[in-house]
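User: I'd like to go through this structure with you, one topic at a time. Could you start with whatever I need to know to follow the talk about chains touching?

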Amino acid sequence: MSSVVELSRWQFAITTVYHFLFVPISIGMAGIVAAFQTAWYRTRNPQWMRLTRFFGKIMLLSFAVGVVTGIVQEFQFGMNWAGYSRYVGSVFGAPLAVEALAAFFIESTFLGIWIFGYKRISEGWHLATIWLAAFGSALSAYFILAANSWMQHPVGYKVVNGRAEMTSFWKMLTNSTVFYAFPHTVIGAYANAAFIILGISAWYLIRNRDSEMFAKAAKAMVVVGVIATAATMLIGHFNGQLMTRQQPMKMAAAEALYNTSKPAGFSLFAVAPFAEHPSRTSFDITVPHTLSLLATNSWNGEVKGINQLQAADVAKYGPGNYEPIIGVTYWTFRLMVGAGTLMVLFLLWGLYLVWRRKIDRSKWFLKLALPAMALPTIAITTGWLFTELGRQPWVVYGLMLTKNGISPSITAFDVWVSIILFTVIYGVMGAVAVWLTVRIVKKGPDPEVDEAGKAVEPNLHVAY
Amino acid sequence: MHGLWNLETLWFVLVCVLWIGFMFLEGFDFGVGMLLRFVGKTPEERRAVIHTIGPVWDGNEVWLLTAGGATFAAFPNWYASMFSGFYLALFLVLFGLIIRGVSFEFWGKVENPQWRSVWELAMAVGSFLPALLVGVAFANLIRGISLDQAGNYTGSFWDLLNPYALLGGVVTLLLCLAHGASFLQLRTVEPIKARAAALGRILLPLAAIAVIGFVLWTFGEVSHHSPGLWITMIVAIVAMVAMAALGAMGRVGLAFVAGGLGIAMAVATWFTALYPNVIVDSNDHAYNLTVFNSASNHYTLVVMTITALILVPIVLIYQIWTYYVFRQRVGLGGSSAEPTTPEAPAPPPEASAQV
């Protein structure tokens, strides 16, 4: 049985992490492309129209992969986690159903009209459809994060007849956890999209192709990106403080803080003895007082340690180990914060270049903008791994253990079949999507003038 | 005993409505996907065929996601038992939906015959698998699968492939094909239209025969014949006969409407045959899952009912608007979705300058 649990966890991790490589790009690009189109609608400057169409096509590739991998998300709770679905379905199912009803319909329907509808409906309505699609995609994030926040910090339910039953949908939707998780995630998605558009624009600026237009895009993305990244980190900081109160074990694991400390230092680099559950670090460089300050707003605030929390959990929940894998939690947290810090620093450099009006000629910045496209993906992926692995062994914190959520009727063979085939199709699909994106980028945006030197008519068709 | 007036039954009906929406709308999408290479011979024709569903297929698919989400929220035990019990079958459905979904976006990006063929094949296989397997799955719920006390499926993948269930799969497959053939005749121009008509002349009667055979078998399969079952079954049979007859007479629009009604009533027949069960236990019905023992608590159902009553009408309004926006036939313009139509040879000036 344990192998079915382990395999199912791997499958969930693979399908969900993969899904979320594309989703933030889609969410963020939808809003930014809508802003480009709005700029064209208001100024009639054809460059905005060409940017809309060009980045619109790239956005649609991301949407396509995000949408199809999202279908799996809706169903795999029942497939691999029937125990979980039965126990929490009356609470957890509701935001999923409402997400489909309220958000997916808006997103998919209006995106379809946007792709095919140019000149069939008025320009104003056509502009409205991309905004509605952007709104729908962000709204869907709200409901799914409300569902996830309930797993981190369950509210608005009671346990009746051996299962969790909802007592207040309002409490679930206004969970303090989702108030931080939602802006952290969605603003982070805009930062991600800004880095993608900035990186692609830099590619053109280096080659001196359509420089005027891509300089416009790059400047806009530096400004959007720096605001979005800084906001994401700031909200993440408050999110961390909330987590220290709601899931103290996760914060202790994030810092590899084995023993309750007052004051606590922020760990920069730690190593622990090689064991399944080490009870101490063997080497730890810390900045004194910093963790106390970050986590509790107080110079000498107390931060609980793993050993004490484990003992308290045993007293509360019975014998067992209630620690996540400390090494993974510790390092994913550091990668997330580290990637985010690099993002802010890079964009501050960009901001300086924008201010000095030389961003389009700064070779080093533009060259680094290409690999920098990976930073948001690293931050987002490690952030989710941290959030979800740091909650273990719980699937619903303090309420249900992950191992109890498994489907009793599936076999290791079943899961092996699906895990291998999902990985193969996802791999092929991702490779094709990236290859097509590179192809679109190399081909470049539509020309502003045709061969005869005549201005090309406005065209926002992005249909296949 | 429970009467009919309770939230559990209401949600059973709503889940049924969501499945009808899915089978009606994605039915023709799947049909178009499978028929693509038979009705379109040149790249321009195939583009036109894909564009008949291009703007709407994704919105149509959300009906399935909503049906899944609503089942999870309203009937967690049904959701858990069905999706874990049909694990590999459902995996194949997901596989199909994945390759089909990306094929629309990938297909037109490269102008190479082999590339196009790969994604046309993905569209066809990706439409075929869910069209077939949805029927197999639902037929098994009625016929009964082996459940334990906790509601977990105890049989194997192969037990799901019994004759009744396979006929159920053939039924949904043929319904999608027939519905797609009618849809294409309404949305395309010659020569695609004529090819769809030729296929429709075979597919419509076949679908009608399969549905009629299947609802009669279903009627024999269940012991309790409620008035609802009688009504849905009779309307399904009449609608299917009408569909085949109208199709033969060349009244395509009416055949499409009759086919749509037939799909709705075929799905409704399954649900009325199931009720009050949601999954029948094949071992003496000892552990049948019913709408009552698989449902969420009352509060959740109330919240979900209010939400659905507010949101479903709004969704219907804007989805119907979409079909209104894309009401014109898709011509063979060559390039992407130009709003030109054969009925309107001179497009308005602002639309004439498409690239």
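Analyst: Two residues are taken to be in contact if their C-beta atoms, placed from the backbone, lie within 7 Å. Please keep in mind that this is a predicted model.

User: Switching to H1 of chain B, what does it reach from its first C-alpha to its last?

Analyst: Helix H1 (residues 7-39) of chain B has 33 residues and reaches 46 Å between those two atoms, which is close to the 48 Å expected at 1.5 Å a residue. The helix does bend, by about 35°, and the bend falls at Gly33(B).

User: Why is H1(B) described as largely enclosed?

Analyst: Because 26 of its 33 residues are buried, H1(B) is largely enclosed by the rest of the structure. Here, a residue counts as buried if 20 or more other C-beta atoms lie within 10 Å of its own.

User: Now the inside: which residues have the most contacts within the largest nonpolar core?

Analyst: They are Ala194(A), Val211(B) and Val267(B), in a core of 296 residues. Helix H3 (residues 82-116) of chain A gives the most to this core, with 23 residues, and the core also draws at least three residues from each of domain 1 and domain 2 of chain A.

User: What is Val267(B) in contact with?

Analyst: Leaving aside neighbours within four places in sequence, Val267(B) is in contact with Cys16(B), Trp19(B), Ile20(B) and Met23(B).

User: You mentioned domains; where do they run in chain A?

Analyst: Domain 1 covers 2-247 + 325-443, and domain 2 covers 248-323. Taken over C-alpha atoms, their centres are separated by 30 Å, and the contact takes 15 residues from domain 1 and 15 residues from domain 2.

User: Which elements of domain 1 give two or more residues to that contact?

Analyst: Those are helix H7 (211-246) and helix H11 (326-355) of chain A. By class, the side of domain 1 that touches domain 2 has six nonpolar, eight polar and one charged residues.

Note on methods. Residues are numbered from 1 along each chain as its sequence is written. Chains are lettered from A and ligands numbered from 1 in the order in which they are written. This is a predicted model: local features need pLDDT of at least 70, side-chain atom pairs count only at pLDDT 80 or more; totals for chains, interfaces and linings use all residues. Helices (H or I, at least four residues) and strands (E, at least two) are DSSP runs, numbered from the N terminus. The expected span of a helix is 1.5 Å times one less than its number of residues. The bend at a residue is the angle between axes fitted to the seven residues ending there and the seven starting there. A residue is buried if 20 or more other C-beta atoms lie within 10 Å of its own, exposed if 12 or fewer, and partly exposed in between; C-beta atoms are placed from the backbone. A nonpolar core is a set of buried Ala, Val, Leu, Ile, Met, Phe, Trp, Tyr and Cys residues joined through C-beta atoms within 7 Å. Domain bounds come from an automatic or database domain assignment. Ala, Val, Leu, Ile, Met, Phe, Trp, Tyr, Cys and Pro count as nonpolar, Asp, Glu, Lys and Arg as charged, and the others, Gly among them, as polar.
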